[in-house]
Amino acid sequence: MSASRPAAVIVLAAGEGTRMKSSTSKVLHELCGRSMLGHVLAAARELEPERLVVVVGHRREQVVAHLAEHVPDAESAVQERQGGTGHAVRMALEQTGALSGTVVVTNGDHPLLRGETLAALVRTHEDEGNAATVLTTEMPDATGYGRMVRAEDGSVAAIVEHKDADEAQRAINEINVGMYAFDGALLEDALKRVTTDNAKGEEYLTDVVAILRGDGHRAGAHLTADWVETQGVNDKVQLAQARRQLNDRILEAHMRAGVTVVDPATTWIDVEVTAERDAEVLPGTQLHGRTHLGEGARVGPNSTLTDTVVGAGAVVVNAVCAGAEIGAEASVGPYAYLRPGTRLARKAKVGTYVETKNAEIGEGSKVPHLTYVGDAEIGAGSNIGASSVFVNYDGVAKHRSVIGSHVKVGSDNMIVAPVTIGDGAYTAAGSVIVQDVPPGAMGVARARQRNIEGWVEHKRPGSPAAEAARRAREAADGAEAGGSGAAGEGAAGEGGGA
């Protein structure tokens with residue numbers, strides 16, 4: 001039986017998170033391309049709830065801004081003081097008003113939580129007709145956790161905190177994860193009766209479970225087998241552990257879908273990255289944002305791609321790419337930097353120590369090495385010589401250059417925008433191109449070479465260069481003198497013989 005659509009999912013995200021030791025809200029720390037809260041909300045949205053409510057408190061302005069940018073359909077409810085989990089849910093219900101149907105409560109610091117686990121919780125809740133259903137798991141070491149005490153029929157008899165548990169109860173490994181499904185109407189009524197009669201003076205959701213049982217309603221539990229996904233994050237050590245676990249999960253999914261990951265230990269892939277079969281990811285590679293790898297594409301080693309599309313059969317080696325489109329069978333790197341707006345057509349090449357920005361490079365065109373291409377359009381089959389620069393900035397505004405098809409730009413050229421080089425044109429090495437070059441023409445923009453004889457010996461006397469020049473001059477003078485003498489003797493001899 002499939003779970004019905006919940007009336008609401010309430011996410012608790014109001015805590016201070018002091019152990020994170022950070023000026024950033026605890027739930028906004030990122031792992032694998034999303035904030036912790038973002039991962040929880042993604043899982044919650046798989047249930048398609050009618051309302052998605054986030055309870056905010058500490059540093060709430062950060063959380064509210066994050067929601068507006070990334071999950072604009074989520075509502076925020078403010079918990080002005082830290083009054084416990086029951087108090088937080090009560091604040092949410094004060095905003096939503098009465099809720100008829102299932103209400104799921106989860107936490108904003110559980111980034112490994114799966115949507116399918118929440119869906120299973122809702123199914124168990126509804127199938128068993130429970131007033132409250134607790135998500136539980138079995139821990140290898142349950143020390144410090146509240147133990148689930150079951151009745152003979154499998155329902156929840158009690159939730160006993162570790163400090164209050166006797167020896168037999170401490171032997172129980174099934175623990176309360178801190179996530180629940182409730183009957184909305186019964187939840188609202190029970191919350192009004194929760195007291196603060198405890199050491200912290202707070203309202204707890206566990207008391208709601210006890211109140212509902214006292215009213216004669218059934219409280220159940222859904223046991224999830226994967227205890228790892230139920231773990232919260234309280235400090236940056238746990239954040240790193242969760243990041244590793246989530247990354248491993250992402251990598252496994254890609255590999256089972258036909259992607260080759262050569263070294264999972266050194267490969268990091270964000271949750272929204274997509275890849276087609278036979279794509280290959282080499283060691284030391286990071287794929288961020290909404291990067292996509294086409295079929296048979298190969299990326300790495302030591303490459304970082306963000307929001308970049310790599311076409312089928314393309315190769316990216318030791319490169320950094322952001323906001324770029326790399327066409328099928330294209331080649332990038334090693335040591336290339338593709339900035340936003342770069343678009344490589346099929347079989348185009350951007351080579352070693354090349355930087356591009358807002359540049360369109362046509363089919364089969366090559367920018368092999370030591371070049372900057374900014375704000376430019378290059379046609380098909382063209383070649384840009386080594387050490388060339390597209391001079392796109394005049395100090396105030398950016399300008400665009402257009403290079404036609406089958407153009408040969410000489411090495412060490414300065415292409416000063418705005419300028420157009422027509423189809424089939426050439427430019428001479430060392431040129432500074434400031435005017436358009438017509439199709440098929442040779443553009444030459446450099447001064448005629450002039451040699452000033454003896455300049456080094458005159459201007460740099462005593463330097464190693466001057467000494468080297470002197471020796472070379474003396475050797476040349478000696479060779480010239482010797483050659484002249486030999487010619488003279490030959491001439492005299494011939495004359496005497498006559």
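Author: A definition to begin with: a nonpolar core is a set of buried Ala, Val, Leu, Ile, Met, Phe, Trp, Tyr and Cys residues joined through side-chain atoms within 4.5 Å. Keep in mind that this is a predicted model.

Reader: Fine. How many residues are in the largest nonpolar core?

Author: It has 54 residues. Those with the most contacts inside it include L293, V310, I326 and I421.

Reader: Which elements each supply at least two residues of this core?

Author: α8 (236-256), β27 (349-361), β28 (366-378) and β34 (419-421) do. The largest share is five residues, from α8.

Reader: And where does this core lie relative to domain 1 and domain 2?

Author: Between them, because domain 1 (8-230) and domain 2 (258-443) both give residues to it.

Reader: What does I326 touch?

Author: Leaving out residues up to four places away in sequence, its contacts include V310, V316, V332 and L338.

Reader: Back to α8. Which of its residues are buried?

Author: L239, A242, L246, N247, I250, L251 and H254. Their cover includes β2 (30-31), α1 (36-45) and β12 (260-261).

Reader: What caps the N-terminal end of α8?

Author: D235 does. One of its side-chain oxygens is 3.1 Å from the backbone nitrogen of V237. Just after the helix, G258 has a positive phi of about 105°.

Reader: New topic. How do β8 and β9 run, parallel or antiparallel?

Author: Antiparallel, with four bridges joining β8 (residues 147-150) to β9 (residues 156-160). R147 sits opposite V160. Five residues separate the strands in this hairpin, where G154 takes a positive phi near 90°.

Definitions and conventions
Residues are numbered from 1 along each chain as its sequence is written. This is a predicted model: local features need pLDDT of at least 70, side-chain atom pairs count only at pLDDT 80 or more; totals for chains, interfaces and linings use all residues. Side-chain values use heavy atoms; hydrogens and water are left out. Two strands pair if DSSP finds at least two bridges between them. Buried means under 20% relative accessible area, exposed over 50%, partly exposed in between (1.4 Å probe, protein chains only). Domain bounds come from an automatic or database domain assignment. Contact means heavy atoms within 4.5 Å. A polar contact is a pair of N or O atoms within 3.5 Å; within protein, one must be able to donate a hydrogen and the other to accept it, and residues adjacent in sequence count only if both atoms are side-chain atoms.
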